Amino acid sequence: MAPLLDVSDEVRAEIGDEETQRLLTGENAPGSYDCTSCRTPGDTAQERTSTVLFVGDETAVLAFAHAACIPSQVVPVSEEQLQGAVRSISGTDDVAAAGSAPAAPAPVPVQADPGPAPAPRQAVLGITCGLIIVEEQLRPALVVEPTGPVARVGAVGGGDDFLPLLIEQGFMPQLDLEVAPSPLRGWSVLLAMGKLHAVLQPGTAGAPATAWWQAHQPLQVSDGWRSAVNRSNEVYVYAGPAGSVGRQPREDLMREALAKACARGQLVAATMPLSGT
């Protein structure tokens, strides 16, 4: 009996028709697997299963997930993250090597305010994961805040353009925390192997999505956060300028800080779907 596998056109284009056929006939597909999204068992003989291809600079890894969790797709990740994921799951049958693949596009940098220094500095974007109550339901949230003022590339002098730059990308000013942020087309949150890897932005001229923010090491998220995001398949992403929210040790303090930033007009937000897992 052939496995119940979904292989998207973009995955087929990466792995080739021959490998796709081997998967669809069951020659090179797992029976049981751990879903790369929710990490619970799956069975390709019993339920629809998505093929998810993680593509690094030199390596590609094919993973499997419940079709109800995520669709079949190609997910660009850094080579370092991909190799770390391969090492962490080595010996299991939910991931199969898929050979080499073209390099993923480089992330678009964010330039920090250079101030008096002659050379620009890279802004460091900090991200905090937490749950926030919106419309009487617990929602998975990310709070993004740079470590210092952010200026446009090539800007001269002081100032902080972090919020205007995000608004130009489609983020909307968040005026009420009781209201869900507006969806942002083309952006997504990459949760792979149960860990937070990146916030992805649309590529240019039809290119694949690129990382707007990318973790140096994949970030562990709480079971509650992962359960909430698996229910909704979307994340509320809030962003404020340096010093507007801070790194809060508790979720109630995080919400309080967000409310204050919201009242000061220092908060933008967007609702993003999961990308990959």
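Trp212 is buried (under 20% relative accessible area, with exposed over 50% and partly exposed in between; 1.4 Å probe, protein chains only), its relative accessible area being 11%. The model is predicted, so that local features need pLDDT of at least 70 and side-chain atom pairs count only at pLDDT 80 or more, while totals for chains, interfaces and linings use all residues. Residues are numbered from 1 along each chain as its sequence is written, and side-chain values use heavy atoms, leaving out hydrogens and water.

Rings of Phe, Tyr and Trp (its six-membered ring) pair if their centres lie within 6.5 Å; planes under 30 degrees apart count as stacked, over 60 as edge-to-face and the rest as tilted. The count by this rule is four aromatic pairs. The pair of Tyr33 and Phe64 is tilted, because the ring centres are 6.4 Å apart and the planes stand at 50°. Tyr33 belongs to strand β2 (residues 32-34) and Phe64 to strand β5, 31 residues apart; strands (E, at least two residues) and helices (H or I, at least four) are DSSP runs, numbered from the N terminus. Tyr33 is buried at 2% relative accessible area, and Phe64 at 1%. Trp187 and Trp212 form an edge-to-face pair, with centres 5.6 Å apart and planes at 65°.

In helix α2 (residues 17-25), the buried residues are Glu19, Thr20 and Leu23. On the other side of α2, Asp17 and Glu18 are exposed. The buried residues of α2 pack against β1 (5-6), α1 (9-15) and β5 (60-66), where contact means heavy atoms within 4.5 Å.
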